[in-house]
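Please look over the structure below, together with its sequence, before reading the notes that follow.

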Amino acid sequence: MSKATHSPSFLSQFARLTTMAMAVGGYYYYQNYTLGTTDYWVESPKYAQGLEGMTIVQLADLNYPNQQVALDKIVEATKAANPDVIVLTGNTIAREGIFDHHELVHMINQLVTVAPTFAVYGTNDINSPLGRRAEQVMSEAGVHFLNDDAVTYDFHGTPITIMGLMEKHGDQFLQRDPLQMITLTAEQKEQPKILLAHHPEAFRAYHADPIKSPDLVLAGHAMGGQIRLPFIGAVYADHQGYQPAYTDGVFGLPSDSARTMIVSRGIGRPESRVRINNRPEVVAVHLTSSVAATSDAMAAAIDEETVAHGGILIEELDQKRKERRMARAMNQAND
């Protein structure tokens, strides 16, 4: 006689569906409405001359007021990174719609008290009828816009040049030499150089002029590829198309790996209106002449803090284990 089978009750099915819906909803909220901080240690021998440890916080593609992340959270994350410089690499405002400039200025007022703040335009900023208004209120609040300009920043007595590429209508300016409108002083030509440029796809073109060739490019625009799929990666980025090459992370110039570019996934809402495996981020860039030395120094600092709070280091635990094994072996030999 066969046993009767019973289908799951309506309540159990409903409970499972509810659990799944909550999990999906929680993941969607985490990916679109919460903010993370990504740290990058960028290595170059040029940073050995007094620039060791300089920290730059990059805020990319805020798309205000469509950022979906509270502005105070952005300020908190920026402060927590303890930056020496803050940079906004374009698309600070959304392309369409109006915004509360008082709210934007309130955020900027807080940022400029943390560190000197520099900015460049992005595609949204140049195409929005409110782009110039945004620049005006941000400049009045203390942001230094680098519109095809360069400044020398003094880091504890060591100069470094910060260049900013002005966004222009169309993308023809990204061909050949995008930096041709930027003028450098004789001193700046010899200094290490950082370029704030909205477009990552023009990475190689930024090095067309060897005199202006930046040691570090900070870019955004790609929004992390909007949707990122396992084993495939980023799906689409503006100006790069499908399966784009430059969407997030660190990239080395093929002809000189010490010249790097960091691409931020950005903060605001992408054109697809949804982020998947692509959480909004604040980027913290740390300059170092040796990643290995920095790693060793950080490990030593952690060990010192552990001991100061009464903890035991892994090396000490391993040594104690070895001593116990040796003692057991000697006891067994004596027996």
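The crossing of α3 and α5 is right-handed, a crossing being right-handed if the near helix is turned clockwise from the far one by less than a right angle, and left-handed if anticlockwise. This is a predicted model, in which local features need pLDDT of at least 70 and side-chain atom pairs count only at pLDDT 80 or more, whereas totals for chains, interfaces and linings use all residues. Residues are numbered from 1 along each chain as its sequence is written, and side-chain values use heavy atoms, with hydrogens and water left out. Helices (H or I, at least four residues) and strands (E, at least two) are DSSP runs, numbered from the N terminus.

**The α3 and α5 pair**

- The axes of helix α3 (residues 101-114) and helix α5 (residues 131-140) come within 9 Å and cross at roughly 40°, where axes are lines fitted to C-alpha atoms, for helices over the stretch in contact, and angles run from 0 to 180 degrees between N-to-C directions.
- That angle makes α3 oblique to α5, since angles under 35 degrees count as roughly parallel, over 145 as roughly antiparallel, 65 to 115 as roughly perpendicular and the rest as oblique.
- From α3, His101, Leu104, Val105 and Ile108 meet Arg133, Val137 and Met138 of α5, contact meaning heavy atoms within 4.5 Å.
- Gly131, Ala134, Glu135, Val137 and Met138 are the buried residues of α5, where buried means under 20% relative accessible area, exposed over 50% and partly exposed in between (1.4 Å probe, protein chains only).
- These buried residues of α5 pack against β3, α3, α4 (123-127) and β5 (144-145).

**Backbone features**

- The peptide bond from Tyr64 to Pro65 is cis, with omega near 10°, and Pro65 lies in the loop between β2 and α2.
- Asn63, which lies in the loop between β2 and α2, has a positive phi of about 55° although it is not a glycine, and Asn63 is buried, with a relative accessible area of 6%.
- Gln243, in the loop between β13 (241-242) and β14 (249-253), has a positive phi near 50°, and Gln243 is exposed, with a relative accessible area of 59%.
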